[in-house]
Amino acid sequence: MIADLTPEQLKARYEPKPAKVAAIQRQLHAAQFTPPGTRLIGGGYDSLVRLWDITAEEPVEVATSDSHQGWVQGLALHPTEQLAYTADSFGRLQCLGYADDKLELKWQMDDAHDGWIRSLAINKDASTLVSVGRDKTVRNWNPADGTLRSTRSVEGADLYQCAFHPDGKRFASGDAHGSVKLWSVDQLAALGECDASELFSVVRLQDVGGVHTLLFSLDGKQLYVGGTRPKNGGNVQGEPLLLVFDLETKQLVETIELGPASDVYVQHIQEHVDGFLIAATSGNPNQGKLHLLRRGDKEPFSTTTNLSNCHHISIHSSGDRLAITTTSPGSNGNGRPLKDGNYVGNHSRVQLLAFPQPEADSE
Amino acid sequence: MSQNKRTITRALLAIIGLMLASPLCAEKPLHKQIDQLIAAGTDHGFARPADDATFLRRVYLDLVGDIPSSTEARSFLESKDRNKRAALVDTLLADPRYGRNMAERVHLMLMERRGANEHWSKFLEQSFLENKPWDKLVQSILDPSTNEEVTNGSNFFLTKRLEKYGQNPTDFPGLAADIGRMFLGVDLKCAQCHDHLFIDDYKQADFQGMYAFALNTFVRSDTDFPAIGERVMKAPLEYQSVFGGDPQETGPRVFRGQEVEVATFEKGEELEPKADPDSKAPGVPKFSPLRILAQQLPTDQNRFFARNCANRLWYLMLGHGIIYPLDMDHSGNPPSHPELLDLLADQLISHQFDIQWLLREIALTETYQRGGLLPKDAAPLQPAEYRTFKQKGLSAEQLCWSMLRATGELQRVSDDEDDATGLAAVRAKFMAAYANPPREAELEFSPAVRAALFLLNDETIVQWTTAREGNLAEKLTGMTDNSAVAEELYLAVFSRFPTTDESATVSEHLEQSETRDVAVSQLLWALLASAEFATNH
Amino acid sequence: MLCTPHEHQLSRRRLLGYGAAGTLGLGGLGGLVQPSFAKQLKKDQKQVLFIWIDGGMSQLESWDPKPSSQFGGPFRTIPTSIPGIHVSELMPKTSQLMHMLAVDRGVHTQDNSHSAGVPRINRGDPKDRGVIYPYFGSAVAKLIGPGDSGLPPYVWVKPGSGGFKFTDAGFLGPQYGALAIGEGQAPPNLLRHPSVTVAHDDVRNGLRELADERFARNRLALARDAQKFVFDTARTLMRRRELFDDPDPKDVARYGDTPLGRDMLIGRKMLEAGVTFVKVNSYGWDTHGDNFNGHASLMPRFDQAFSAVMKDLDERSMLDNVLVIAMSEFGRTPRINGHVGRDHWPEAWSIAMAGRGIKRGIVIGKTNDLGTFVDSEEHDIGHFFHTWFHALGINAGETEYDNNGQPLPIAHDDCGPITELLA
């Protein structure tokens with residue numbers, strides 16, 4: 001059992017090693033393994049949704065879809081069928097089929113939100129798709145055809161994140177001011193609140209921080225909320241914080257500081273079935289860390305550095321691989337020299353990491 | 001006087017000067033030589049000598065940073081002693097307030113309102129009380145050794161400049177430039193990246209040589225008084241002009257001095273004593289540029305050092321430098337009176353940089369004792385000619401002491417640090433109202449609107465000018481003879497007798513007013529807020 | 001600190017030992033331009049509202065958005081009251097006031113750092129003549145003067161410390177510095193002490209002035225003049241202390257209860273009181289990290305305060321007198337860095353202006369489709385100084401400062417006014 005292992009043993013067992021890199025031309029928000037695990041799908045800053053075949057030595061882009069505008073940030077994958085749900089910052093929500101290495105538009109909702117749709121989540125039985133956005137609404141959609149079932153306006157600030165409870169009947173939303181609210185799928189009834197306002201501060205004229213990542217534990221008993229404890233605005237700095245809430249009491253049970261103020265955000269968190277968390281922290285250009293943290297521990301047992309601006313984690317369905325979306329190093333600088341007369345933008349790299357093969361012993 | 005005549009006069013004086021300097025000749029006192037050279041510096045007429053009252057207040061402010069009490073003023077003005085002025089100078093030099101005043105004035109000059117430190121203040125005050133010579137004083141400031149309790153804190157000049165402010169990195173170049181400005185009278189700041197663009201005398205090599213003393217310094221964290229440490233200097237400093245040219249290198253070099261070769265040691269052998277992990281004392285490099293600086297800069301061999309000392313002490317008394325600005329000693333900015341500056345520098349050297357001795361000589365000059373009124377000769381006044389005494393400002397510290405004394409509040413104000421009306425709190429108010437922001441030198445009389453608002457509305461000033469037990473306002477309110485009131489008022493505040501008109505104004509005002517105490521406070525306030533009080537004239 | 005070649009710290013004249021700034025007291029009065037010209041200027045009420053958005057507002061999230069492009073970011077655009085012109089969705093209130101504004105999207109300046117860029121922009125990027133040039137506010141304070149308000153000609157409304165900030169004035173001398181109002185607080189000791197009645201204050205100041213008059217007899221006038229100046233200014237400020245009263249909650253609601261909202265409101269009051277040059281500062285715009293969330297909260301607060309003051313000035317018919325300028329020290333990079341931020345970009349950005357002498361309802365200048373570089377005629381800050389002086393009735397090509405005998409141009413020698421912006 002993972003609970004019995006020492007940190008050194010955990011590290012030896014689980015510390016991931018770099019496998020391949022898929023270098024993408026434009027900046028991605030997230031690249032996700034498809035459930036079968038042979039493809040990556042992702043959306044980014046250039047309005048495109050892309051599909052890559054990652055079976056060969058070199059990942060190959062096999063399809064793109066250009067039916068979005070602005071940033072494609074919202075991404076959720078149907079747990080079993082070859083369907084992806086994507087949402088953009090202009091308010092459009094779509095369903096794309098990615099079978100046969102094609103991206104086929106299944107349905108599309110313009111003005112699904114007024115403006116930026118930040119996050120999508122789909123439950124285990126694919127009966128409900130939820131979305132949250134800058135328009136401060138939470139919406140319940142039928143994933144089959146994109147009909148809007150219900151909308152709830154939320155008091156507070158821009159909504160940044162949403163995540164489903166494993167039971168598929170409730171979900172959480174997190175906003176720019178560190179307020180986390182719990183909802184039932186049914187009627188979008190409010191079920192309570194968790195106070196993650198430590199992740200937020202007003203600095204001069206600016207709202208800084210907010211809920212950057214939101215995840216229910218696999219056993220459904222706890223809620224993880226990640227962000228930063230803001231030190232300043234402008235060029236945001238602050239300690240990356242992971243707050244753990246007990247779902248029954250809604251109380252904060254643990255605060256985990258995952259690095260110094262120069263590490264800035266907990267960008268994304270996922271839980272591995274074996275019982276440990278994987279957290280990507282990054283902020284300042286050119287740096288980023290991947291921490292593996294056993295549930296209940298305060299210190300990570302494994303930290304991989306040099307994952308420049310890692311901000312999204314996708315765990316392969318087999319549990320043996322990770323796809324980490326990062327941003328090209330050397331991405332910043334005032335002014336910018338031209339390259340061959342061209343002004344060069346930044347790009348994303350999806351770093352594929354593999355867990356070590358387990359020993360052939362019983363666990 | 002025509003150009004030729006002036007040249008001849010100067011030549012004659014040079015000859016006289018030589019004769020006087022020769023041990024064969026009975027030497028004229030320095031203060032007389034000073035006056036001769038000042039007289040020779042202009043064709044135009046001088047203002048009349050200052051009257052006793054003007055001299056009295058002026059020399060009190062300059063030497064002890066305070067004004068005389070009304071009793072002291074009256075006694076001085078009524079004295080028939082023909083030697084009273086010289087006697088007064090000696091009395092003031094021996095007054096304990098001399099040490100405090102010089103500490104405050106030199107602190108202001110050297111630190112330019114960057115901040116205060118009790119160890120530094122104590123070091124300065126003690127140094128001036130025992131009349132430490134200027135070269136030894138500067139040596140203590142630059143030397144990194146900290147074994148003498150009496151000099152602990154002397155490094156504040158260096159350590160404060162290593163503090164970061166705003167978004168800026170540690171200003172090592174600024175520290176190097178300020179050592180040159182304050183102790184040599186040369187501002188090499190604009191020669192960091194290239195030879196100075198306008199001043200031919202200041203080369204990039206000059207700056208870099210000075211920079212080599214500064215750039216390995218750090219503030220020690222193991223002492224509770226400001227102390228400077230040095231990292232090991234392993235190699236000469238490399239530099240290059242931004243305008244091209246070959247790369248250069250230099251070891252530490254005092255401006256116009258000899259370059260010091262960088263001594264290198266085996267790794268692990270550079271420090272003696274080594275760093276002490278228990279006390280956290282850092283190691284002391286065997287090759288210590290600062291120790292070398294402390295030995296080489298403040299010496300009688302260094303002409304710039306001697307000139308700068310003379311120039312700055314002259315400025316403290318006259319309000320203007322023989323070289324002005326004070327940190328611009330170069331051939332394109334010659335002294336207004338070259339022989340005078342050389343004379344003062346030479347005399348300082350032969351008197352081992354005795355500060356009190358030079359201040360005394362200056363105080364005895366006609367130049368220093370010149371009146372502040374306009375001379376009959378209406379030619380436009382140039383401060384560098386000293387035809388009239390320059391109107392100088394008072395520092396926040398001088399204003400605070402003077403107002404405390406003038407209003408009779410000095411005995412009331414407590415030493416309790418926590419008392420909101422105590423001395424520390426009051427001084428802080430005066431600093432807020434009158435002191436410049438950090439890094440802005442206070443060189444000329446520049447009144448500020450915030451100071452006016454302070455005088456108009458501050459609680460402290462209102463209290464001081466309101467009759468209460470023991471203060472001047474109460475005393476004056478209780479006096480029945482209005483002309484006696486006028487006399488006491490003017491003696492206490494302006495250190496002089498009132499004129500007939502002034503006395504009449506006081507009497508009329510008191511007679512016309514319904515409430516005597518309000519009338520008194522109005523008169524008192526008006527004088528405290530006047531230009532006459534605010535200036536050293 | 002490295003020597004910054006374009007900003008050498010000492011006047012050549014001072015270096016060579018002539019006339020130390022502060023000859024006998026007042027800190028370098030500097031000569032007036034032709035005296036008759038100055039008198040003429042004082043007749044009309046000319047004012048400036050200079051909104052300084054410190055840190056670099058992103059032109060791509062404000063005046064010159066490139067929606068759904070490689071560098072465009074997530075936000076949409078909205079139409080404005082100028083047909084065919086769109087701005088970022090983050091400034092809806094301002095979009096409805098575009099018909100009052102003139103925006104130049106073709107700004108290309110030289111400096112991409114704050115420490116050098118802020119002073120350089122504020123001084124109009126003058127050629128290096130060995131002097132410290134005044135900031136725009138001090139220049140206007142000098143060239144136009146205080147008018148009849150009795151208030152200082154240059155008031156700076158800002159977060160942080162207040163007081164008398166004379167470093168802006170450069171070689172013009174401290175009296176052309178700014179009276180800074182920090183955190184909306186009156187300068188210390190502004191309120192008349194409760195025990196001092198107006199009558200009492202008048203009497204004692206009368207006695208003071210009499211004493212000073214007597215003192216000045218047969219002396220150089222400078223000390224008395226300086227003392228008189230500071231007391232007159234102080235007492236005038238005291239008479240206008242209602243400018244520092246708590247604001248009307250309705251106004252606060254309109255401008256936004258934020259540092260910028262409150263300061264913009266004070267700025268309007270200062271203009272109403274007749275102050276010549278009012279600078280309102282907003283800090284915190286340097287979004288190297290989290291630029292989009294940052295601007296998502298910054299822009300609406302600017303939008304509210306800016307549109308409120310524009311509406312108020314318009315309603316009070318003050319836009320005929322007041323030149324309004326809103327700008328930063330540079331724009332932000334099209335390229336989005338790993339911190340999801342934008343860095344400094346002086347190559348292509350925007351400046352907005354309105355009011356006295358400025359055309360209304362136009363957008364000039366153009367950047368390319370990616371927003372990386374200016375596609376049309378480029379304008380540097382020198383051009384803007386010429387333009388703004390022109391709007392204020394000053395011909396920058398002919399007018400000069402007199403710095404102790406050294407003539408100095410008031411705007412960059414090689415630039416001229418941008419005629420398309422002028423009414």
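Select Asp90(B) first: at 34% relative accessibility it counts as partly exposed. The classes used throughout are buried for under 20% relative accessible area, exposed for over 50%, and partly exposed in between, with a 1.4 Å probe and protein chains only. The model is a predicted one, in which local features need pLDDT of at least 70 and side-chain atom pairs count only at pLDDT 80 or more, while totals for chains, interfaces and linings use all residues. Residues are numbered from 1 along each chain as its sequence is written, chains are lettered from A and ligands numbered from 1 in the order in which they are written, and side-chain values use heavy atoms, with hydrogens and water left out.

**Salt bridges in chain B**

The side chains of Asp90(B) and Arg360(B) meet in a salt bridge at 2.8 Å, N to O; the term denotes a side-chain nitrogen of Lys or Arg within 4 Å of a carboxyl oxygen of Asp or Glu. Asp90(B) belongs to helix H5 (residues 84-94) of chain B and Arg360(B) to helix H15 (residues 355-363) of chain B, so the pair ties together parts that are 270 residues apart in sequence. Helices (H or I, at least four residues) and strands (E, at least two) are DSSP runs, numbered from the N terminus. Arg360(B) is partly exposed, with a relative accessible area of 28%.

Next, select Arg303(B) and Asp346(B), which form a salt bridge whose closest N and O atoms are 2.9 Å apart. This pair links distant parts of the chain, 43 residues apart: Arg303(B) sits in helix H13 (residues 303-318) of chain B and Asp346(B) in helix H14 (residues 338-350) of chain B. Arg303(B) is partly exposed at 31% relative accessibility, and Asp346(B) is partly exposed with a relative accessible area of 39%.

Move on to Lys429(B) and Asp458(B), whose side chains meet in a salt bridge of 2.9 Å, N to O. Here the linked parts are 29 residues apart, with Lys429(B) in helix H17 (residues 423-434) of chain B and Asp458(B) in the loop between helix H18 (449-457) and helix H19 (459-464) of chain B. Lys429(B) is partly exposed, with a relative accessible area of 28%, whereas Asp458(B) is buried, at 6%.

For a network of salt bridges, select Glu112(B), Arg114(B), Arg161(B), Asp178(B), Arg181(B) and Asp327(B), which are linked in this way. Over all chains, a search of the whole structure finds 86 salt bridges.

**From chain B to chain C**

Display chains B and C together. Of the 2 pairs of chains that touch, chains B and C have the most contacts, a contact being heavy atoms within 4.5 Å. Select Gln227(C), located in helix H7 (residues 222-239) of chain C. This residue is buried, with a relative accessible area of 4%. Leaving aside residues up to four places away in sequence, Gln227(C) touches Phe445(B), Pro447(B), Ala529(B), Ser530(B), Ala531(B), Ala534(B) and Asp212(C).

Now select the whole of chain C. Its secondary structure comes to 11 helices and 15 strands. Of its 423 residues, 63% count as buried. Among contacts in chain C between residues at least 6 apart in sequence, 75% join residues at least 24 apart. Chain C exposes about 14600 Å², of which carbon and sulfur atoms supply 51%; accessible areas come from the Shrake-Rupley method with a 1.4 Å probe, and for residues only the protein chains shown count as cover.

**Chain A**

Turn to chain A, which does not touch chain B; the nearest C-alpha atoms of the two chains are 14 Å apart. Chain A has 1 helix and 30 strands. The radius of gyration of chain A is 19 Å, close to the 21 Å that the globule rule gives for 363 residues, so chain A is as compact as a globular protein of that length. That radius is taken over C-alpha atoms, and the globule rule is 2.2 Å times the number of residues to the power 0.38. Along the principal axes, the C-alpha atoms of chain A fill a box of roughly 55 × 50 × 50 Å. Of the 363 residues of chain A, 61% count as buried.

Finally, select Val273(A), in the loop between strand S24 (265-272) and strand S25 (276-282) of chain A. Val273(A) counts as exposed, at 70% relative accessibility.
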